[in-house]
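These are notes for a first reading of the model.

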Amino acid sequence: MSLPNDPIERLIALLARTPGLGRRSARRAVLRMLMKPEETMLPLAEALTAAAEAVRPCQACGNLDAQSPCGICTDPRRDRHLVCVVEGVADLWALERAHAHHGLYHVLGGTLSPLAGIGPEELSIQPLLRRVEQEGVTEVIIALPATVDGTATAHYLTDRLKPADVAVTRLAQGVPMGGALDVLDEGTLAAALRARRPV
């Protein structure tokens with residue numbers, strides 16, 4: 001799809017392509033930026049250019065950073081024996097915001113999906129197996145989505161990791177903090193009951 005020649009419409013069209021912004025939101029953002037371009041547009045353009053030139057995937061885990069290995073992989077305070085496997089960088093960033101994981105990560109780059117033509121070769125599975133074998137990993141936490149593809153990928157990884165004699169765990173699934181039972185779907189309730197533990 002070609003972009004309009006008009007600079008304002010072109011900017012709106014480009015912003016509307018970003019996740020979470022529709023055309024109306026993009027139009028509002030552009031209008032706000034055009035009111036004070038020196039305060040918002042020029043610094044934003046500078047930051048976008050700098051990020052496009054500097055940010056790359058980490059060669060060790062797949063995170064996005066301006067250095068490789070990334071800041072997480074080079075942090076000496078991290079537990080190097082613990083690796084959390086995630087579908088994408090957004091999941092890694094979400095776990096980091098929660099400050100709940102103090103080990104390393106491994107970004108798969110998706111989940112197995114035969115219908116979409118995504119097999120083990122399209123994912124970063126071999127590098128994960130090498131890391132576990134060569135870096136003294138003792139536990140792999142599988143933090144994949146609770147979908148059919150996520151579950152299939154978790155089972156596949158568990159099978160592939162068995163020869164490595166490493167503990168394989170999975171995120172608990174069930175009732176969210178502050179969640180009322182009467183608004184949860186049946187799958188979530190069933191998962192919560194299966195994952196129950198003593199108090």
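1. In α1, I8, E9, L11, I12, A13, L15 and A16 meet R23, A26, R27, A29, V30, M33 and L34 of α2; contact means heavy atoms within 4.5 Å. By class, this contact has eleven nonpolar, no polar and three charged residues. Ala, Val, Leu, Ile, Met, Phe, Trp, Tyr, Cys and Pro count as nonpolar, Asp, Glu, Lys and Arg as charged, and the others, Gly among them, as polar.

2. This is a predicted model, in which local features need pLDDT of at least 70 and side-chain atom pairs pLDDT 80 or more, while totals for chains, interfaces and linings use all residues. Residues are numbered from 1 along each chain as its sequence is written, and side-chain values use heavy atoms, without hydrogens and water.

3. Helix α1 (residues 7–16) packs against helix α2 (residues 23–35) at an angle of about 130 degrees, and their axes are 8 Å apart. Helices are DSSP runs (H or I, at least four residues) and strands likewise (E, at least two), numbered from the N terminus. Axes are lines fitted to C-alpha atoms, for helices over the stretch in contact, and angles run from 0 to 180 degrees between N-to-C directions.

4. The largest nonpolar core has 18 residues, and V132, V140 and L157 have the most contacts inside it. Such a core is a set of buried (under 20% relative accessible area, 1.4 Å probe, protein chains only) Ala, Val, Leu, Ile, Met, Phe, Trp, Tyr and Cys residues joined through side-chain atoms within 4.5 Å. Its largest share, four residues, comes from α5.

5. Leaving out residues up to four places away in sequence, L157 touches V85, L108, I125, L128, I142 and L144. A second, separate core of 14 residues includes C70, V89, L92 and I141.

Note on methods
Buried means under 20% relative accessible area, exposed over 50%, partly exposed in between (1.4 Å probe, protein chains only).
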